[in-house]
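Morning, everyone. I have one structure to walk through today. Please bring it up on the screen.

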Amino acid sequence: MDPVVTSPSGLTPVKLASIIRFHLGELSARNGHHEFENLCRHLARARIYRNILPATGPVSAGGDQGRDFETYSAGVRIGLFDRRVSDGKAVFLCSIEKRIEAKIKADVNSALKGGKADEIFYFCESNLPVGRRHALQDWVRKTQDVPLEIFDGTAIAEMLSDRDVFWIAQEFLHIPAEIVPAAADQNEWYGKLRERWSGRTPLSASAADFAEIKFGLRRATREEDAKPDFLRWIGLMERFTEPGSPRHLQRWAIYEIAVAFLRGKSEMTSQLPRLRDFFSDLEDWLAVADMKDASVLLVYAFGGLALKHLETNPAELFAWRARLQSLLDREILGARGPGRRSTLLDARAFLQLLPEMEGGPLLTDRAFDDWELMLKDAEVTPLFPIAEFASHLSKMTGPLGRHPRFSKLAEDTDALLARRQGPVLATESTFERARAFYKADDLLQAVRDLHRVQQRWLTGDSMVAFQQASYLLATSYLELGAAYAAKYVALTAAFVARASDDQEVARTAPTMLFRAADADDTAGNSLSFFRLLLLGMLAHVEHDADPLDDDRHPDIRAQLGQAAALRGLAARAGSSYLAQVDAALSKWPPPLRETIVQSSLDPDGFWAKGSWDETWSKIEESFADRPFGDLGATRTISWRALGVRWTASFANVPGTVAVAEETIATLQIALVALAGLDLCLLPLKVHLNITLCRKAPRVQVRDGSSVKNSITVDMEVRRDFPEKQVKRWIVDAFVPIMGLLSLISLLPKDRLQSAIERDLQEAAGRVHIARPYRELYREFTDDQGFERTAPADTAPLALDRRFEGQEHPLLASKTGPGPTYSKAEALERIQRRYEKGIACVGYTARRLADRADRRELLVQWHREGLRDWEILTIITNVAANLRHPVEDDATEAHVAEALRATFEFVEDADSALDPNLISVELLQRFRPVYQTTYLKTWDLDVHFPAVDEKTLEAFLVARYGLRSDDVEHPDIFAWARQ
């Protein structure tokens, strides 16, 4: 698949034209008619006729006879020059007025009063619909008998996006320095440019020369093949820093040289004098592009400082930052319209990513404030370059992608981009951002955006891009350990490829089948891996002109290597395993089969070396579940996510396997969608016993009070469902997920539902993209006459060994303070506990501490880390039970009254409880009671009775300040005498 050609700034030619179009629109805001006239004259000379002269005299005074510029007689034509020379008199007119039709008529009449013209060219900033343009051309032809060509703002912007004339846009529109046009063939273009500047010296006043050298220097800075030319381009660029060069070219050259040294040589100190020169007259350069360039250059300088590539006093850089901030603040406040203000806000937002002083905090939230204000202005600025901002946002995904405001900003940006330039471009922006998330290892955000891309691109014109997104999505799921979700996505893409008449789409079939095979391999479905891998190999041979070439297809070699490793592992595990592998390989073409067999005999393979314990450790590192798990009469699947160990068991027959794997894939998709939320999940074991049914499915939680920290659920799933009942099927799949989460979460059920509703609905939209999983499974399992039943006489590998499995860090239990926790509130509550506890059981607590056997228990708790307020709370609960006993069937009002009476009671020496009433056993029994009480103070509760107290205690210690939060208090238990 051919990649989209982009410029070094990451912008396609279409996006580049939109940026230029915006800057054209800003000319009228600053009364830039003369800049527009100069721009059009240079563009006309480059694209229409070379023999052009500017008119003389100010336009407003009529000194140019109504003509902005015109052609002159070329005389003798030499070489290529005559290809763009006017034979007659061509008149050129320009205008940045908004009411353009009346203006064109008036200007044409005025220009023709000054003499005859053979043709007229009109450049206008306003866009002119084609119908109106044709009407004006007909009017001029009929009234003046002269042909008229009109170039409106969009046409001008598209012409200026070409590399050879882009310098005109940069010279007269002040395009930011980081914007560079694309080249269709980078290598061919660079070779020609390098040859062109061999032995030449640039004109220090030529913006055109500057632009070409800039392109060459950037290539030599960023691309390995051009780096030997780096110093040569630097030498050419330095000509523009000399005193005779115009000041704006001097500043542009300083920017390019300083950034090139930092990026190309990891050194910026040598450029410090030039940096000082650049920032010396900062206040004189107030165009948006100039201030944006200053912001970007300052960010580079701070980066150089942090990396020790720029040695200077940081105070100097902070002083430059303060001056630029002051200028931006002033210009934003005084901006005359949303167009200028929006671009200034973007420049200031970029600056906010730097601290204001040494050691100061990053001002990221201020940057998001500015970007959000910028988008509001962009809404009412039709030509705002939203595609450029979307591209920049993708580049900032790495450092900013996990900020809580990033997703909303990205969604709003894409929505505006879709309204302005269509959903296709908006989806390209989302895909670009998804790839940036993936490269930054932020797989959860990558999955979210890739699913959105997948849903929007499931159309004929976008199927190649759909396949690209699907491959990256399956890869992301696989890296997260969600192997069945990965297999679902990969099989969907393989189905699309198989069904497509588009050869470019069809050629993706091998890649998708290989990824599905990888998912089965990771999940321990070893026989299924061999089957899908064979389908991928056959598709590869069908679609590739030079298949099985190791140099061209290293991935094929890796796949065959994994097949060999599994066969070697099977041989070591026993003859029954080897027989199953060889039976699967018997359907392979002999050359491929022999390659796998011979490689599996390698004595240096990991499967052949070391003890079985050592081999098993390597297996646990390499697989998400036990290898050869798809053998035996019953399949048991295991994986870890959100701190929970999930297992599922079901009959190992094709119909049940298809539906059960579909259920597991759906659950994994949902868990990944919810992984960014803090649901206060306990690290329990959840086991699903999956069976099929024909009618309404039932889900039953078994009574698990005898088995701590384990939940077993009997789950019935519909065997079949009509196509028209897909929504019903999705409900059937997701309702049990909500029920399971409510059991293992400590959040109140209403709060849990509110927290997960949006993400669970989004997850529901991620399944059944093309076909249900069960249909895809059957589509690819039935091929090549594979047996429809798995051998029941051979069990999965080493069932006598525990398989721990891996949990991706992004799917691990949440850490840090819980969602309802507040440090300040915790300390206030602890203070009240001491005050109330000492008042109502202080004497009792001291007497318990004086009794040897009771003190032994209290000292043990103290050494465990229990804080005095915890121990005091346990004693208070015991005292409450003794003084104000409550029956099991007591009303809530009765319980509340007992609690009130307990804490209003003020104990003295005479009313203190006899220590004989408070046994060691009674204290131990009330310890878990106090944990539950403490849990409820944070609006949490246990919804499943079989939770071990140690598990609950560990959660409170990790997330809710147990054993760490405390305040100053009296030494109630006299620990000092220990």
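Let's start with the whole chain. The protein chain has 39 helices and ten strands. Keep in mind that this is a predicted model. The C-alpha trace spans about 120 × 80 × 55 Å along its principal axes. The chain has 978 residues, and 54% of them are buried.

Next, the surface. The chain exposes about 42600 Å². Carbon and sulfur atoms supply 51% of that area. As for charge, there are 123 positive and 141 negative side chains. The centres of the two sets lie 2 Å apart.

On to the strands. Look at the open sheet of five strands. What is the strand order there? It is β6-β7-β8-β10-β9, and the pairing is mixed. β6, residues 634-641, and β9, residues 699-701, stand at the edges. Each has a single partner strand, so one side of each is left without a neighbour in the sheet. Neighbouring strands in this sheet are turned by 20° against each other on average, ignoring direction.

β9 pairs with β10, residues 710-718, over three bridges. That pairing is antiparallel. Within it, V701 stands opposite V713 of β10.

Helix α30, residues 654-674, lies across β6, β7, β8 and β10. For orientation, β7 covers 644-651 and β8 covers 685-693. The helix runs at about 165° to β7.

Now move to another strand, β3, at residues 90-95. Is β3 largely enclosed or open? Six of its six residues are buried, so the rest of the structure largely encloses it. A reminder on strands: in a regular strand, side chains alternate between the two faces of the sheet. In β3, both faces are covered. A90, F92 and C94 are buried on one side. V91, L93 and S95 are buried on the other.

β3 has a partner in β4, residues 119-124. The two run parallel, joined by six bridges.

Begin with K487. This lysine sits in helix α22, residues 483-499. Is K487 buried or exposed? It counts as buried, because its relative accessibility is 2% and the cut-off for buried is under 20%. What does K487 touch, beyond residues up to four places away in sequence? The list is A516, A519, D520, S528, L532, E661, Y773 and Y777. One of those, E661, falls within the 654-674 range of helix α30.

Then Q170, in helix α6, residues 166-173. Q170 is buried as well, with a relative accessible area of 3%. Leave aside its neighbours within four places in sequence. Q170 is then in contact with I175, P176, A177, F210, K214 and W252.

Finally, P273. This proline is found in helix α11, residues 272-280. At 53% relative accessibility, P273 counts as exposed, because the cut-off for exposed is over 50%. How far apart are the C-alpha atoms of P273 and I254? They are separated by 9.9 Å, with the two residues 19 apart along the chain.

That's the tour. Over to you for questions.

Notes:
Residues are numbered from 1 along each chain as its sequence is written. This is a predicted model: local features need pLDDT of at least 70, side-chain atom pairs count only at pLDDT 80 or more; totals for chains, interfaces and linings use all residues. Side-chain values use heavy atoms; hydrogens and water are left out. Helices (H or I, at least four residues) and strands (E, at least two) are DSSP runs, numbered from the N terminus. Buried means under 20% relative accessible area, exposed over 50%, partly exposed in between (1.4 Å probe, protein chains only). Accessible areas come from the Shrake-Rupley method with a 1.4 Å probe; for residues, only the protein chains shown count as cover. Lys and Arg count as positive and Asp and Glu as negative; His and the chain ends are not counted. The place of a charge is taken as NZ of Lys, CZ of Arg, CG of Asp or CD of Glu. Two strands pair if DSSP finds at least two bridges between them. Axes are lines fitted to C-alpha atoms, for helices over the stretch in contact, and angles run from 0 to 180 degrees between N-to-C directions. Contact means heavy atoms within 4.5 Å.
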